[in-house]
Amino acid sequence: MGTEHIRNFSIVAHIDHGKSTLADRMLELTGSITDRDRQEQMLDSMDLERERGITIKASAVTMKYELDGKEYMLNLIDTPGHVDFHYEVSRALAACEGALLVVDASQGVEAQTVANTYLAVETGAEIIGVINKIDLPAAQPQVVIEEVEHAIGLSKGECFPISAKSGEGVGELLRAVIQLLPPPEDHSDEPSSALIFDANFNDYRGVICYVKVVGGKLRTRQKIRLMGTGRTYVISEIGKFAPQMTAVDELGSGEVGYVIANIKELADVTIGDTITDDANPAEKPLPGYQPPAQMVFSDFYPGNNTDYPKLRGAFEKLATNDSSFTFTPQSSPALGFGFRCGFLGLLHMEIVQERLEREYDIDVVQTAPTVSYEVITKDGETIRIDSPSMLPDPSHIEALKEPYVRLEIITSSDTIGGIMTLAEGKRCQLIKTDYLSKTRVLLEYKAPLAEIVYDFYDLLKGISHGYATMDYELIGFEKSNLAKVDILVNKKAVDALSVILHRSNAEVRGRKLLQKLRKAIPKHQFEIPLQAAIGGKIIARETIKAYRKDVTSKLYGGDVSRKMKVLKKQKEGKKRMKSIGSVQIPQEAFMSILDTS
Ligand code: GDP
Ligand code: MG
């Protein structure tokens, strides 16, 4: 039947520029959903996603559209927009020949617009510009089209002004998808090969693989082989998302859909792997792509009302539908048995934390997140570590390397000064400055990941009054003048509090960390010295004075409800304490490092 009638495309955008709304409008316009089963934002299915307004899992939907008497099959692959989920964008784009780049007509080109364009260009996708929200009074479609021309290199003829909200221009856009985006190549006469571009786990159905068929076709009851692992399975169901899962007999070359094949665990499937026919396999696998990299690590220990097996059980469940989350057993002299967890970024970490509490009623004590480092030992070996406690003895260390990123910031020209000062304080090196228009600038930096992963985004938002946007991409590890800073509480080193800092600011940050700790750790009946040390050398110290009065005594005769609040707060706080020697350390103390950068 050929592939002439197929178009596979993604919608990419900076967050909130309207890709989910546009996806919904397209579903409506193509009659894929009726008013009755229409929910706001069909493609954002998880509760958490809905609440946070972000799309976590990419979804694929097949739509039918008629143009000039010919029926087309449009496969739309939705993608998330947050920096933590870059890899899902590349993943989705790997299955597409085209991408719609949505830009808010009242906001203009933002950092993720540019980052997503790079990803699309890398995968070879054809790009159509979509200028959205033209219904807004503040919309400036002409100015934004010029920005798109300058920053993205699209011409006016490749940009379509629309309102995803009202539907204006969306019909023309669907026509453009058919006329301007190429169909997939037709490899129907070759052996079966299909790219697995996503997968998720369903309690009733097991693993569901999202696939794009490239060579030949896939059909039910076919015996298939995953080329990466060499394992074989029999397809029990094959289908399309229309948008509900709809079984079909086969998927042909160029088509997008799902495969269920009695695969028990998500861990058995590698995203980017190739499915082929077991009896008549493809010669070589399809080009995969870079697996997601965990950028941020943190240790999770069971809190007071949670035990180790319960925590492990929750992690195992979480990992079955989030393959980018990793956990490995870890033990700490201070905190006992727990897990070292890897995340794509801080947002991803927050999402996992929140799910642990909400869905599994788990109480954890968590250490401050850290990036991973490379250690070159005196023997010339390179070791990757993702916790300060994993550092070998200083006498074995030849050099330390830290991860660097290419950081892009887009902002208004009047906020450049403040942003440059912020960036300098975070050891960022300016690579280039590019004016997108008279008032908007793109700043490109080379930056240490450790400096921008925690509070940089919040500081950036503050300085620019919410206006600046940023995005970053890992470029590699480089030698850096780093030191492990140990934190001693009551003369005892607490491994879970140690941090790796750049020597240029180790003293300042070490002191700030102690000041935070002093506030976070409640007074005890004895004085508690707090110290920061590099090697054996103390670089900063603070003291928690001994406790004398009842905390509530000064409230006697005062407002009773306030006193109750204090008591309640104390009680809540206690739930999350860990005793280290004779000192009680609350959960928030372990996160102190987050506020000291
Ligand atoms: P996403 O983060 O890119 O998926 O963006 P959403 O589709 O969730 O849209 C973000 C916000 O912009 C929502 O409040 C939408 O209702 C709103 N929005 C999307 N498209 C339009 C539009 O064309 N006009 C107006 N006025 N608002 C829109
Ligand atoms: Mg969305």
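Me: Which residues are linked in a network of salt bridges?

Reply: The general idea goes like this: side chains of opposite charge can pair when their charged atoms come close. Keep in mind that this is a predicted model. Here the network is made up of Glu402, Arg427, Glu451 and Arg509.

Me: And how many salt bridges does a search of the whole structure find?

Reply: The count comes to 26. Take Lys212 and Glu97, whose side chains meet at 2.4 Å, N to O. This pair ties together distant parts of the chain, 115 residues apart. Lys212 belongs to strand E8 (residues 206–215), while Glu97 sits in the loop between helix H3 (86–93) and strand E4 (98–104).

Me: Are Lys212 and Glu97 buried or exposed?

Reply: Both are buried. Another pair to look at is Glu255 with Lys240, a salt bridge at 2.8 Å, N to O. Glu255 is in the loop between strand E14 (250–252) and strand E15 (256–260), and Lys240 is in strand E12 (residues 237–241), 15 residues apart.

Me: Why does Glu255 count as buried?

Reply: Because its relative accessible area is 13%, and buried means under 20%. Lys240 is buried too, at 14%. Now try Lys484 and Asp486, which form a salt bridge at 3.5 Å, N to O. Lys484 has a relative accessible area of 28%, so it is partly exposed, and Asp486 is partly exposed at 21%.

Me: Let's move to sheets. In what order do the 4 strands of the open sheet come?

Reply: As background, strands of a sheet pair through backbone hydrogen bonds, either parallel or antiparallel. In this sheet the order is E18-E19-E17-E20, with antiparallel pairing. Strand E18 (326–332) and strand E20 (364–366) are at the edges; each has a single partner strand, so one side of each lacks a neighbour in the sheet. From one strand to the next, the twist averages 35 degrees.

Me: Over how many bridges do E18 and strand E19 pair?

Reply: E18 pairs with strand E19 (residues 336–343) over 7 bridges, in the antiparallel sense. To find your place, look for Ser332, which stands opposite Gly336 in E19.

Me: Which helix packs on the sheet and touches strand E17, E18, E19 and E20?

Reply: That's helix H7 (residues 308–320), whose direction makes about 15 degrees with that of E19. Have a look at helix H8 (residues 346–360) as well: H8 lies across E17, E19 and E20, and runs at about 20 degrees to E17.

Definitions and conventions:
Residues numbered from 1 in each chain as written. Chains lettered and ligands numbered in written order. Predicted model: local features only at pLDDT ≥ 70, side-chain atom pairs only at ≥ 80, totals over all residues. Heavy atoms only, no water. Pairing = 2+ DSSP bridges. Helix = DSSP H or I, 4+ residues; strand = E, 2+ residues; numbered from the N terminus. Axes fitted to C-alpha atoms, helices over the stretch in contact; angles between N-to-C directions. Contact = heavy atoms within 4.5 Å. Salt bridge = Lys/Arg side-chain N within 4 Å of Asp/Glu carboxyl O. Buried < 20%, exposed > 50% of the residue type's maximum accessible area, 1.4 Å probe, protein only.
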